[in-house]
Amino acid sequence: MVSIFAFVWMLLFVVLCAMWLSNKALRPNISTAICVWLTIYVGFGLGSLIFDKNRLAASTPILQADRAELMLRFKSAFDSMDKLMPSASPKKFNSTAKELKQFTEQADELLAPLVEKNPKSLPILVRYVILEHYMQRPIDKTLAQLANADAPDAKDIAEDIGALYSKQPIDPHKVPKMEAELTKRLPRGWYQDSAMETFYQRTNQQAKLKALTDDEQGKNYTMLVKFAGLFVLAALTALAGAIIVLVTLIFLPRKLTTDEDKQLVAAPAAYGIKAVYGSFLAWLAAEMTTSYLLLNLTLSLHFHLADYGVLAAAIGILVTYSLANGPGLLFAYLIAMKPNGVSFFEGFKFRTHVGKLGPWRLIGIGIMTWVAAVPLVVLSALIAFKGLGSEGSSNPVIPQIMEAARSSNVLAILIFYFTVSVLAPICEESLFRGFLYSSLRRRLNFLPSALITALLFAGIHLDPGGFVPLFTLGLVFAFVVERTRSTLPTMIAHGLWNGITFTLVLLLFGN
């Protein structure tokens, strides 16, 4: 039904476009009809996304499961530290049994509600039955649920896990096949390591058990060192960012932008409300159409990705993102800029020289913008968490990035880096700060222009948990464009923000 409805919408849109191309006399009226048609389409699509709670929450179980694994990895890491320094002072180094138990309990608190809400989800049930066994709790109920999960191989997986955790001896003839199946089917990371450690113990494969435990110990020590280093680096970055913000505020001129500079900030021509609205509307329609593909691709491939699957997901997200956002640049140029004689780069404010600011100074400003944004975004995230009950971002791409980190597939990781650190900043900064913000600045002052742009920037991501931090980033980027008259610094800052966030995921989840 939905596909037929979408087909009818697309067919009527194509008919209107064909009429626009063939009849110059009626183009103004047809343009209005296209805008109305796209408004209804986008409004209907956004409404369905907002009110479809299942679709909005589709990636939440994946993210919660990843957070649970992070808790379990911390538990293993502190266990390893206790083994490394058994004679150290308990007050300074050793984690008490109660403190270590809290990590496991937090993981249980994250996974247990997911099982209740998703009683047929094989990926969640697999993780939970492994956790229950680790916590020395009965697994019969969860194992029975797992056997009836919505997956063709659910019964086979349930049988293998049941045999693994059974008190009955494992048939030696089934050991090779069972080992291959468990390695293939269990999710990478802590869950697979925990299950395989039990398997090697039960099948008396001491060499493999030692290799696995040694590898786990190495990962645990490395994780603690990484976490300590990241904590120190984050604290220093936040301190540096706070200093940059304070210095900027102290030396900020009373008049943010001179009349001469405003001419460089504002759009080069008065595009008109209809042209600006039509450009964004066409982009939203394209993005909305492909966003369904992105979400479905992400959720269908997650949890069961072999290395080639991770690569396929990375390529799929790259292509989908290009199809979703690339047309936005083309629409803005063809609908608003070209008819007014504005060049592509000037229309998007992509300047490498602005007054005394050359390319290197603009790049430097971009780096400082990222540093300054760190304490501001962290503060806004804390406010959202404490005041609004936000649980953090629910962007469906995040689980794929985590899976790429676990897989250590270098090509997939490079593709993700390109998508989030290069493609996304270029497209989004060009459209929001280069086109929309500059168009608003022809009519409005800085603050309303920045607020409107930041609200749309945060809202269009359709990520309720990340709305406040994204809104804060939008305000920071608008301020930088206002002061530098170029989108190059915000592209650099945006790329650093996405790229360094991805790097943190690699460091914490990567092998």
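**Notebook: contacts, helices and salt bridges**

I began with the contacts (heavy atoms within 4.5 Å): among those in the protein between residues at least 6 apart in sequence, 75% join residues at least 24 apart. I note that this is a predicted model, in which local features need pLDDT of at least 70 and side-chain atom pairs count only at pLDDT 80 or more, while totals for chains, interfaces and linings use all residues. Residues are numbered from 1 along each chain as its sequence is written, and side-chain values use heavy atoms, with hydrogens and water left out.

**Overall make-up.** I looked up the secondary structure, taken as DSSP runs numbered from the N terminus (helices H or I of at least four residues, strands E of at least two), and found 21 helices and zero strands. For burial I used relative accessible area with a 1.4 Å probe and protein chains only, where buried means under 20%, exposed over 50% and partly exposed in between; buried residues make up 47% of the 511 residues. The protein exposes about 26100 Å², of which carbon and sulfur atoms supply 68%, the areas coming from the Shrake-Rupley method with a 1.4 Å probe.

**Helices H9 and H10.** I checked the axes of H9 (residues 175–185) and H10 (residues 190–202), which come within 10 Å and cross at roughly 170°. That makes the two helices roughly antiparallel, a label for angles over 145 degrees, with axes fitted to C-alpha atoms over the stretch in contact and angles running from 0 to 180 degrees between N-to-C directions. Val175, Met178, Glu179, Leu182 and Thr183 of H9 make the contact with Gln192, Met196, Phe199 and Tyr200 of H10.

**Salt bridges.** Taking a salt bridge as a side-chain nitrogen of Lys or Arg within 4 Å of a carboxyl oxygen of Asp or Glu, I have a count of 15. Glu181 and Arg185 meet in one of them at 3.0 Å, N to O; being four residues apart in helix H9, they are separated by about one helical turn, and Arg185 is partly exposed at 23% relative accessible area. Glu346 pairs with Arg351, the closest N and O atoms being 2.4 Å apart; here Glu346 is partly exposed at 28%, whereas Arg351 is buried at 10%.

I then turned to Glu482 and Arg441, whose salt bridge has its closest N and O atoms 2.7 Å apart. Glu482 lies in helix H20 (residues 467–484) and Arg441 in helix H18, so the pair ties together parts that are 41 residues apart in sequence. Both partners are buried, Glu482 with a relative accessible area of 2% and Arg441 with 5%. Salt bridges that share partners also join Asp153, Asp156, Asp160, Glu181 and Arg185 into one network.

**Ser439.** I found Ser439 in helix H18 (residues 410–441), buried at 10% relative accessibility. Leaving out residues up to four places away in sequence, Ser439 touches Ala267, Tyr271 and Val276.

**Positive phi.** Most residues other than glycine have a negative phi. Gln136 has a positive phi of about 60° although it is not a glycine; Gln136 sits in the loop between helix H6 (122–134) and helix H7 (140–147) and is exposed at 74%. Lys349 also has a positive phi, near 60°, and is placed in the loop between helix H15 (344–347) and helix H16 (359–388), but Lys349 is buried, with a relative accessible area of 1%.

How values were computed:
Parallel < 35°, antiparallel > 145°, perpendicular 65-115°, else oblique.
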